[in-house]
Number of protein chains: 2
Amino acid sequence: MKRAAARPARVQVTVDVVIFTIRDGALHLLLVRRGIDPYRGRWAIPGGFILEGESLEQAALRELREETGVGQVYIEQLYTFGDPGRDPRGRIITVAYYALIALDRAPVHAGTDAAEARWWPVTALPKRLAFDHDRIIEHALERLRAKIEYTTVGFQLLPEEYTLSELQDVYEAVAGRPLDKRNFRRRIELLDVLIPLDQWRRAGASRPARLYRFRAGSF
Amino acid sequence: MKRAAARPARVQVTVDVVIFTIRDGALHLLLVRRGIDPYRGRWAIPGGFILEGESLEQAALRELREETGVGQVYIEQLYTFGDPGRDPRGRIITVAYYALIALDRAPVHAGTDAAEARWWPVTALPKRLAFDHDRIIEHALERLRAKIEYTTVGFQLLPEEYTLSELQDVYEAVAGRPLDKRNFRRRIELLDVLIPLDQWRRAGASRPARLYRFRAGSF
DNA sequence: TAAATAGTGTCTCTTAGACAATATTAT
DNA sequence: ATAATATTGTCTAAGAGACACTATTTA
């Protein structure tokens with residue numbers, strides 16, 4: 001609004017999504033290998049241009065579904081990256097989101113089209129990513145690690161029913177360090193968002209663990 | 001990256017800035033009255049299209065300077081608003097920032113051009129703002145109120161030198177409620193970011209107050 | 001009965017809120 | 001001396017970290 005001379009930059013807007021899940025007890029994110037220039041052959045976070053009539057979040061959800069087939073997830077806007085020169089094709093502004101996929105919904109083989117897609121542990125990502133995607137991932141990790149401390153986003157990484165040990169595994173995977181079992185359980189207890197079920201998970205030759213469910217409508 | 005059919009939306013990107021300052025002990029923000037349609041006559045937060053070769057933050061700083069003449073400020077990206085239909089002129093995506101201007105730098109009469117510009121107390125904003133600017137302001141207030149609790153952004157609203165009472169006035173203006181003087185001082189003390197000066201502010205017939213300065217490089 | 005994992009409580013330190021009296025200056 | 005604002009400390013409650021033993025099940 002206002003601005004007389006000096007023409008506006010001609011820009012394009014993409015939405016990119018850092019998609020997290022837990023695999024083998026470790027935090028992973030999804031990368032796709034680029035089949036075209038620029039950065040052909042490099043790994044990148046999924047994304048694409050927004051379509052007519054689509055909100056930013058709808059675009060992010062669409063990208064997510066195209067890559068994983070998963071629709072019902074936690075998704076949150078992260079940051080918008082728009083430095084000139086961040087994309088050699090021109091002035092491209094990227095609204096970045098991050099999403100959390102439940103343990104049991106994350107497909108083993110992601111990606112719907114020919115492009116190669118792979119889950120990578122956040123502790124061992126490929127060296128050189130496309131564009132400024134390393135920065136975007138850094139932001140996403142920072143945000144996730146911060147928010148798991150004072151919100152209940154962490155529960156979004158679990159299936160509907162889980163044991164307290166499984167929940168702790170998720171928290172440890174995100175934090176990247178072991179947590180004290182008793183302190184962790186007290187902390188979760190105080191959140192007052194878990195419903196204990198009359199079901200137990202039995203695995204191997206050990207005491208079965210009670211299953212819990214996240215209380216609907218708790219955020 | 002990827003996307004075959006379904007053409008990308010044709011979009012434009014603006015950068016809008018919620019500019020805060022303290023006036024008369026109350027938190028204020030800057031609004032400009034729109035001289036053209038859409039929303040002619042309505043109050044709006046300053047903003048405009050990004051120019052060639054300009055980063056998003058540079059665009060925000062430029063808008064800020066055009067409206068207030070102030071350059072050296074705290075500025076932070078807030079959120080990106082992009083719902084279709086939020087601007088009747090077409091698909092306009094707005095990257096919102098908020099900025100904090102020091103008490104002694106905020107010009108009384110803001111705005112460089114013909115457009116009317118005014119500082120408004122956040123507790124008494126005009127009823128109907130242009131576009132979705134009420135939502136943007138809500139986000140900005142929420143962010144500022146959250147960040148003043150666990151960062152030192154609050155200091156950015158003060159001049160170089162100030163008394164502890166003046167600092168408390170700022171915190172109270174942002175929080176919107178009175179704070180206990182002793183608890184407040186202990187909390188600031190623990191931040192360990194204030195340098196006491198050998199200067200005192202004397203005002204009227206009362207005990208002079210020591211001046212302090214924010215420790216450079218503390219963020 | 002051995003192996004494996006689940007489940008549980010206390011002490012301590014730090015943090016934050018509530019709360020009131022004295023100190024210093026100008027008039 | 002009075003008015004006005006600055007400066008200062010204690011008690012208490014809640015939250016968070018460190019820390020180890022018992023319970024239950026299957027093989």
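Reader: How do the residues of the surface near DNA strand C divide into nonpolar, polar and charged?

Author: This is a predicted model, where local features need pLDDT of at least 70, side-chain atom pairs count only at pLDDT 80 or more, and totals for chains, interfaces and linings use all residues. Residues are numbered from 1 along each chain as its sequence is written, chains are lettered from A and ligands numbered from 1 in the order written, and side-chain values use heavy atoms, without hydrogens and water. Near means a heavy atom within 4 Å; Ala, Val, Leu, Ile, Met, Phe, Trp, Tyr, Cys and Pro are nonpolar, Asp, Glu, Lys and Arg charged, the others, Gly among them, polar. The surface near DNA strand C has 5 nonpolar, 5 polar and 11 charged residues.

Reader: Which element gives the largest share of that surface near DNA strand C?

Author: Elements are DSSP runs numbered from the N terminus: helices are H or I of at least four residues, strands E of at least two. Helix 4 and strand 10 (209-214) of chain A and helix 4 (181-191) of chain B each supply at least two residues. The largest share, 4 residues, comes from helix 4 of chain A.

Reader: How far is a polar side-chain atom of K181(A) from a base nitrogen of DNA strand C?

Author: Polar contacts here are pairs of N or O atoms within 3.5 Å. R182(B) has a side-chain N or O atom 3.5 Å from a base nitrogen of DNA strand C. For K181(A), the distance to a base nitrogen is 3.2 Å.

Reader: What about DNA strand D: which element gives the most to its nearby surface?

Author: A polar side-chain atom of N183(A) lies 2.9 Å from a base nitrogen of DNA strand D. On the phosphate side, a polar side-chain atom of R185(B) lies 3.1 Å from an oxygen. With 4 residues, the most comes from helix 4 of chain B.

Reader: How are helix 3 and helix 4 of chain A oriented to each other?

Author: Axes are lines fitted to C-alpha atoms over the stretch in contact, with angles from 0 to 180 degrees between N-to-C directions. The axes of helix 3 (residues 164-175) and helix 4 (residues 181-191) of chain A come within 11 Å and cross at roughly 100°. Angles under 35 degrees count as roughly parallel, over 145 as roughly antiparallel, 65 to 115 as roughly perpendicular, the rest as oblique. Helix 3 and helix 4 of chain A are therefore roughly perpendicular.

Methods:
Polar contact = N/O pair within 3.5 Å; in protein donor to acceptor, adjacent residues only side chain to side chain.
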